Amino acid sequence: MRTNQEMFAELDEFIESVGCNPSELIAILHKAQAIFGYLPMEVQKHIAKKLNINVSKVYGVVTFYSFFTMEPKGENVISICLGTACFVRGSGKILEQVEQFLGIKNGETTPDGKFTLTTLRCVGACALAPVMQINGKTYGGVKEEDVPNILAEYM
């Protein structure tokens, strides 16, 4: 496990490699999230200071783009597609089953940090509906009764 000091050093190295240029803010935020796993205020303030910009600008970008998160995510990120094709084929029930199985609601992380549950609008795999993704791996044609076996792979 890396220390905070090591992670900030890696971030600083990246920021310096792009010339401490405020126009590189999104790239810097992507790198910071890859390093830290999320973008807590401490990291946002650090980036603002390094780029000599107001922290409100950093915060505004972080909160505008859905890719960025200010909350730590679990080791395994589960995403349920709620796009039209998936929803009419039962993804709402899949979501309910996952929530019940893990004891969390959409947008939450299990207390042990093992799982985070999110929803998506479309993953572009409509022919496989309903679709669930875990850490980017796509499961198609998911049925409610499949949920425990799929999640068991990650327990």
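How many residues does helix α1 have, and how far does it reach from its first C-alpha to its last?

## Helix α1

Helix α1 covers residues 4–17, which makes 14 residues. From first to last C-alpha it reaches 20 Å, close to the 20 Å expected at 1.5 Å a residue; the expected span is 1.5 Å times one less than the number of residues. Helices here are DSSP runs of H or I with at least four residues, strands are runs of E with at least two, and both are numbered from the N terminus. The model is predicted: local features need pLDDT of at least 70, side-chain atom pairs count only at pLDDT 80 or more, and totals for chains, interfaces and linings use all residues. Residues are numbered from 1 along each chain as its sequence is written, and side-chain values use heavy atoms, with hydrogens and water left out.

The buried residues of α1 are M7, F8, L11, D12 and I15. Seen down the helix axis, these buried residues fall within an arc of 140 degrees, so they line one face of α1; the arc is taken from the directions between the helix axis and the C-beta atoms. Buried means under 20% relative accessible area, exposed over 50%, and partly exposed in between, with a 1.4 Å probe and protein chains only. The buried residues of α1 pack against α2 (25–36) and α3 (41–51), where contact means heavy atoms within 4.5 Å. On the face turned away from the buried side, α1 carries the exposed residues E13 and S17. Just after α1, G19 has a positive phi of about 75 degrees.

## The sheet

Four strands form an open sheet in the order β2-β1-β3-β4, with mixed pairing. Two strands pair if DSSP finds at least two bridges between them. The edge strands, each pairing on one side only, are β2 (115–120) and β4 (137–139). Neighbouring strands of the sheet are turned by 20 degrees against each other on average, direction ignored. Axes are lines fitted to C-alpha atoms, for helices over the stretch in contact, and angles run from 0 to 180 degrees between N-to-C directions.

Strand β1 (residues 76–81) pairs with β3 (residues 132–134) in the antiparallel sense over three bridges. Across this pairing, S79 stands opposite Q133, and I80 has M132 as its bridge partner. With β2, strand β1 pairs in the parallel sense over six bridges; there, C81 has L120 as its bridge partner. Five of the six residues of β1 are buried, so the strand is largely enclosed by the rest of the structure.

## Aromatic cluster

F64, Y65, F67 and F68 form one aromatic cluster. Rings of Phe, Tyr and Trp (its six-membered ring) pair if their centres lie within 6.5 Å; planes under 30 degrees apart count as stacked, over 60 as edge-to-face and the rest as tilted. By this rule there are four aromatic pairs. Y65 and F68 form an edge-to-face pair, 6.4 Å centre to centre with 85 degrees between the planes. The rings of F67 and F68 have centres 5.6 Å apart and planes at 75 degrees, so this pair is edge-to-face.

F68 is buried, with a relative accessible area of 7%, whereas Y65 counts as partly exposed at 37% relative accessibility.
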